[in-house]
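Here is a briefing on one protein model. Keep the sequence and the 3D view open while you read.

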Amino acid sequence: MKKYNFKNLNVIYTEKEDGNMKDENIRNRFLKSIDLKYIYLPKQNHTNIVAPFVNMSGEADGLYTDLKNIPIGVLTADCMAVVITDFKGLVVLHAGWKGLFSGIIENGTKYFKEKKNLFAFISPSIKSCCFEVRKDFIEKMKEFNIDEKYLIKKNGKFYFSLQDLAIDKLKKEGVKDIHLEDICSKCDNRVYSFRNGDIENRILTLAYLS
Ligand SMILES: [Zn+2]
């Protein structure tokens with residue numbers, strides 16, 4: 001488990017040693033160990049939907065709250081968890097390529113009226129060293145007008161940088177200060193990686209304002 005404080009924003013993400021956070025019992029045990037009673041998680045499905053945590057009955061891949069001490073989070077293995085805050089409210093997003101391409105970051109920042117002092121945190125996630133993509137992915141990039149600069153060609157193969165695209169999108173939305181947790185989920189053994197065979201295992205990234 002790693003914990004960060006950025007002013008009154010608390011961000012915690014789990015590691016393999018904390019167990020599979022998709023498992024409710026393991027998750028509850030972990031929450032108890034850090035003195036949290038509950039957590040709000042959306043019903044993730046690679047959508048671009050960001051819902052207020054009080055109204056999260058349907059599918060969503062991001063939650064918003066402006067209440068203090070309400071932990072919200074997402075589960076990931078290779079995808080990014082992105083936390084965005086103006087230190088009065090916050091969103092936590094599950095952002096893989098599908099969500100990124102279809103605008104989950106833009107939908108997340110819609111919750112902030114003043115975009116001057118936004119801060120964002122990006123969790124461990126698969127980086128361009130390991131995120132190999134194929135022709136169908138490159139076709140999707142064209143469909144969504146994603147700049148080719150995020151593609152890296154190496155030994156005749158193509159790799160994509162989710163983080164660089166996320167950072168550019170965040171900056172475009174007015175986020176000035178970004179903390180990128182510089183850990184590739186596939187290279188680094190401390191966190192789960194879908195592409196490394198962790199099909200059912202997930203890390204949890206949670207955040208709350210105090
Ligand atoms: Zn890597």
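Two strands count as paired if DSSP finds at least two bridges between them. The model is a predicted one. In it, β5 and β13 are joined by 5 bridges and run antiparallel.

- β13 covers residues 203–209. Within β13, Leu204 is the bridge partner of Leu75.

**Strand β4 and its two pairings**

- β4 runs from residue 62 to 65. Gly62 and Tyr64 point one way, Leu63 and Thr65 the other way, and all are buried.
- Strands of a sheet pair through backbone hydrogen bonds, either parallel or antiparallel.
- β4 pairs with β3 (residues 50–52) in the parallel sense, over 3 bridges.
- β4 is also joined to β7 (residues 90–95), by 4 bridges, and these two run antiparallel.
- Leu63 takes part in both pairings: Ala51 has Leu63 as its bridge partner in β4, and Leu63 has Val92 as its partner in β7.

**A three-stranded open sheet**

- 3 strands make up an open sheet with antiparallel pairing, in the order β9-β11-β10.
- The edge strands are β9 (132–133) and β10 (151–154), because each of them pairs on one side only.
- β10 pairs with β11 (residues 157–160) over 4 bridges, in the antiparallel sense.
- Opposite Ile152 stands Tyr159 in β11.

**Two helices**

- How many of the 9 residues of α4 are buried? The count is 0, and the helix (residues 135–143) is hardly covered.
- After α4 comes Asn145, with a positive phi near 55 degrees.
- α5 (residues 162–172) has buried residues: Leu162, Gln163, Leu165, Ala166, Lys169 and Leu170.
- Why are these on the same side of α5? They cover an arc of only 160 degrees around the axis, so they share one side.
- After α5 comes Gly174, with a positive phi near 100 degrees.

**The largest nonpolar core**

- This core holds 53 residues. Val82, Val83, Val92, Leu93 and Ala166 touch the most other members.
- β13 gives the most to this core, with 6 residues.
- Ala166 is among the buried residues of α5. Which residues is Ala166 in contact with, leaving aside its neighbours within four places in sequence? They are Met80, Val82, Ala95, Leu100, Ile105 and Ile122.
- Val92 belongs to this core and is the β7 bridge partner of Leu63.

**An exposed loop residue**

- Glu17 sits in the loop between β2 (9–13) and α1 (24–33).
- Is Glu17 buried or exposed? Glu17 counts as exposed, because it has 8 C-beta neighbours inside 10 Å, and the cut-off for exposed is 12 or fewer.
- Glu17 and Arg190 are 173 residues apart in sequence. In space, their C-alpha atoms are 7.5 Å apart.

Terms used: Residues numbered from 1 in each chain as written. Predicted model: local features only at pLDDT ≥ 70, side-chain atom pairs only at ≥ 80, totals over all residues. Buried ≥ 20, exposed ≤ 12 C-beta atoms within 10 Å, placed from the backbone. Arc of directions from axis to C-beta. Core = buried A, V, L, I, M, F, W, Y, C linked by C-beta atoms within 7 Å. Contact = placed C-beta atoms within 7 Å.
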